[in-house]
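Please keep the sequence and the structure at hand while reading.

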Amino acid sequence: MKTTPPSPGARSADGASVRIGALLPLTRPGWTEAGRHLLAGLELAVHDVNDTGGINGRPLELVIRDTAADPEKAVAAVDEFAGLGVAALAGEYHSVVARAAAARADALNLPFLCSSAVLDALTEQSTDWVARLAPPQSRGWRLYADFLLEAGHTRIAVAAQPSVYWASGTRILRDHLTPHGVTVTELDMSALTPEAACAALAEARTTALLLLVGHPEPAVPLVRSVRRDPRLAEILMGAPAGQPEFAEWATLLGADGAGVPFLRYLPRHLTVLGTRVENALQERLSQTPSFVAFEGYDTITVLADVLRSHGTTWAGIAGAWPQVSVEGTRGQIQFSRIPGIGVWQWASPPIQIVDRDPAEPDVFRVLREG
């Protein structure tokens, strides 16, 4: 069992820790770089909480389980966490995995603060046990659709793999774009080679290609094929799911990976707390922290505030969601009910559309904010 040990500054008379169960993709086929950043944020926040007295004198402890992007592993981990008596669940990056974890947490009446998954239907029915920091997929992807409209794209293709998450994204884009006369064509990347996809794009005279596929496969070979096809020299490639956010994208693709707009959940200016956390995360990760690392930090910050003010019982924690008002790294965090969303939702997390500057691929350009 991997845990993050509490800092010496937080001790209780009986030495009992307050445990948080953390779900993360740390091995393939999970997006391991996202998992590493999420873990860095969670661990840094636990360290900071314990350095300031823990949870009313009791140390906060992170108990970590690897989901490897597997919903069944996530469900098994939730059951294990319940048996261990954790105060709450935290984390997860992959939406389909988070949905499975949320359903099980709801069934067990175990509080779950989801850090990074965006799928609107995180639960099939309304629940008081689950809250979320990341914005709903519909909000971010509609902003992305507006960005495409303003750029004048009328023939758009989505290169997608079979997945509830990718299918949801395609539906959001199509519903938002079609009324404006935009054609949205779907390419099934489970059946097409990158070369065959390029041929289809050229034949359809596509102006924008959206990469609704896993990284690095098949995203990287598809990007390389498009960049090297002279018929597609003017095409815009986009990645609303945020694949270019992480350093591995730039390492694998170099200049080919620049100029690919994507969604990320950062403000133009971090809070004072966020600036301090950014520096500490940079040291931990030895690279620029992604928005996922900040989501991890904010998750523990919220949970620590709830645990200090409402105690460590499951019912007390879940009942506190509507009363949360916490300064996070990216703004003031408060939860509310949003129509069509079944969980307690941070209503106003920041959203940006950014890309890597073709002149300096390590530099991000903010193209739009929402």
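Is the crossing of H6 and H7 right-handed or left-handed? The crossing of H6 with H7 is right-handed, and this, like everything below, is read from a predicted model. A search of the whole structure finds 14 salt bridges, and among them are the pairs Arg19 with Glu61, Glu43 with Arg284, and Arg268 with Glu369.

**Packing of H6 and H7**

- Helix H6, which spans residues 194–204, packs against helix H7, residues 219–227, at an angle of about 45°, and the two axes are 9 Å apart.
- On the H6 side the contact is made by Pro194, Glu195, Ala197, Cys198 and Leu201, which meet Pro221, Leu222, Ser225 and Val226 of H7.
- Sorted by class, the residues in this contact between H6 and H7 are seven nonpolar, one polar and one charged.

**Salt bridge between Arg19 and Glu61**

- Arg19 and Glu61 form a salt bridge in which the closest N and O atoms are 3.5 Å apart.
- Arg19 has a relative accessibility of 22% and so counts as partly exposed, whereas Glu61, at 10%, counts as buried, the cut-off for buried being under 20%.

**Salt bridge between Glu43 and Arg284**

- The side chains of Glu43 and Arg284 meet in a salt bridge with an N to O distance of 3.9 Å.
- Because Glu43 lies in helix H1 (residues 32–51) and Arg284 in helix H9 (residues 272–285), the pair ties together parts that are 241 residues apart in sequence.
- Glu43 counts as buried because its relative accessibility is 18%, while Arg284, with a relative accessible area of 40%, is partly exposed.

**Salt bridge between Arg268 and Glu369**

- Arg268 and Glu369 meet through their side chains in a salt bridge, at 3.0 Å from N to O.
- Arg268 is in the loop between strand E11 (262–264) and H9, and Glu369 is in strand E17 (residues 360–369), so this pair ties together parts that are 101 residues apart in sequence.
- Glu369 has a relative accessible area of 37% and is therefore partly exposed.

Key. Residues are numbered from 1 along each chain as its sequence is written. This is a predicted model: local features need pLDDT of at least 70, side-chain atom pairs count only at pLDDT 80 or more; totals for chains, interfaces and linings use all residues. Side-chain values use heavy atoms; hydrogens and water are left out. A salt bridge is a side-chain nitrogen of Lys or Arg within 4 Å of a carboxyl oxygen of Asp or Glu. Buried means under 20% relative accessible area, exposed over 50%, partly exposed in between (1.4 Å probe, protein chains only). Helices (H or I, at least four residues) and strands (E, at least two) are DSSP runs, numbered from the N terminus. Axes are lines fitted to C-alpha atoms, for helices over the stretch in contact, and angles run from 0 to 180 degrees between N-to-C directions. A crossing is left-handed if the near helix is turned anticlockwise from the far one by less than a right angle, and right-handed if clockwise. Contact means heavy atoms within 4.5 Å. Ala, Val, Leu, Ile, Met, Phe, Trp, Tyr, Cys and Pro count as nonpolar, Asp, Glu, Lys and Arg as charged, and the others, Gly among them, as polar.
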